[in-house]
Amino acid sequence: MSALRVLTYHRIGRQEESPGQSPATLSASAESFAAQMRMIAARFRPVSLEQVLASLDGGAALPARAVLVTFDDATECFGRSAWPILRSLRVPATLFVPTAFPESDREFWWDTLYRLVEAAGSDASSGSSRWIDSATRLLQTPWGELPVATAAERRQTWRRLADAFHQGPFEEAVRWLRAAAAEGGLEARRSPVLAWSELRKLRDEGVALAPHTRTHPPLTAVAGDVLNAELTGARDDLRRELGASWPATANPGGFCDAAVTPAAAASGMRLGFTTCRGANRWPPRDGLRLRRINVGQRSGPVKLALQLSLPTPLFNSLCDWRGR
């Protein structure tokens with residue numbers, strides 16, 4: 001039995017290149033990403049989504065040391081910074097697209113939340129709004145009064161609120177966020193996701209484009225009809241705009257439960273990627289609950305090589321132990 005290791009990236013670049021976007025989604029600088037991909041190309045066997053699906057259907061077995069490189073959210077930095085590096089090294093990539101975002105005025109909720117928290121801590125924020133008490137620097141939320149006076153407090157508050165959004169009910173949390181952003185005077189931002197024309201160009205150059213739901217809610221925190229619409233809608237959007245949709249999906253935030261898996265299967269998905277850290281025995285027992293290795297700013301070529309080189313049972317045991 002072989003194994004598949006899947007890397008998860010989000011944004012590539014520097015924070016100052018994307019002001020207003022949450023630093024939590026920044027995976028690596030372009031320089032660090034290039035070093036990581038050079039290591040992958042030299043020491044491992046990068047595989048494509050097409051190869052992975054073919055092996056699942058009884059085709060050629062995956063090579064030893066197989067690594068699948070994936071990107072969530074399809075933000076503009078993929079085309080600007082990541083793809084030129086991947087293409088030059090001939091490393092295949094899979095890009096998961098939240099299909100309601102291209103060419104829209106939608107902003108990811110975590111970026112709106114980041115801007116709201118940062119604005120609440122600003123000396124220029126208004127004390128007349130019910131969302132911020134300028135005297136105490138406490139942000140008024142449905143989950144209590146949360147401190148925003150210092151950078152450390154704002155980071156903690158952002159994490160606390162992001163957890164609340166993940167736990168649901170998601171629609172109620174989004175309604176509060178929109179009201180607070182509007183009352184706080186936050187300007188609307190255009191979508192950071194690649195336009196359909198740019199996605200078509202990437203498709204033609206060999207990038208595998210797969211659904212990442214339509215509006216990127218945590219699927220475990222939405223109602224069943226919303227869950228189904230998010231999955232089938234994203235699939236149909238890709239078919240309409242690109243002519244086809246790969247039968248693989250990345251669950252927003254990695255969230256998956258007993259309702260998400262059958263809904264994904266019903267929408268035609270063969271593979272489902274979570275953010276549960278670890279490697280996958282191949283072929284998998286459950287292709288809709290695949291583990292990935294999230295790459296963050298503290299990851300580097302050496303650390304990444306170590307994680308990719310550990311035997312699958314040992315690596316998964318260590319990941320599960322650290323996740324307790």
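The model is predicted: local features need pLDDT of at least 70, side-chain atom pairs count only at pLDDT 80 or more, and totals for chains, interfaces and linings use all residues. Residues are numbered from 1 along each chain as its sequence is written, and side-chain values use heavy atoms, without hydrogens and water.

**Aromatic pairs**

- The whole structure holds 14 aromatic pairs (rings of Phe, Tyr and Trp, the last by its six-membered ring, with centres within 6.5 Å; planes under 30 degrees apart are stacked, over 60 edge-to-face, the rest tilted).
- One of them, F96 with F273, is tilted, at 5.7 Å centre to centre and 55 degrees between the planes.
- F96 lies in strand β6 (residues 94-97) and F273 in strand β12 (residues 271-277), 177 residues apart; strands are DSSP runs of E with at least two residues, helices runs of H or I with at least four, numbered from the N terminus.
- F96 has 0% relative accessibility and therefore counts as buried (under 20% relative accessible area; exposed is over 50%, partly exposed in between, with a 1.4 Å probe and protein chains only).
- F273 is likewise buried, at 0%.
- W109 and F165 are stacked because their ring centres are 4.7 Å apart and their planes at 10 degrees.
- This pair joins helix α4 (residues 109-120), which holds W109, to helix α5 (residues 151-167), which holds F165.
- Ring pairs link W109 and F165 into a cluster that also includes F101, F108 and W110.
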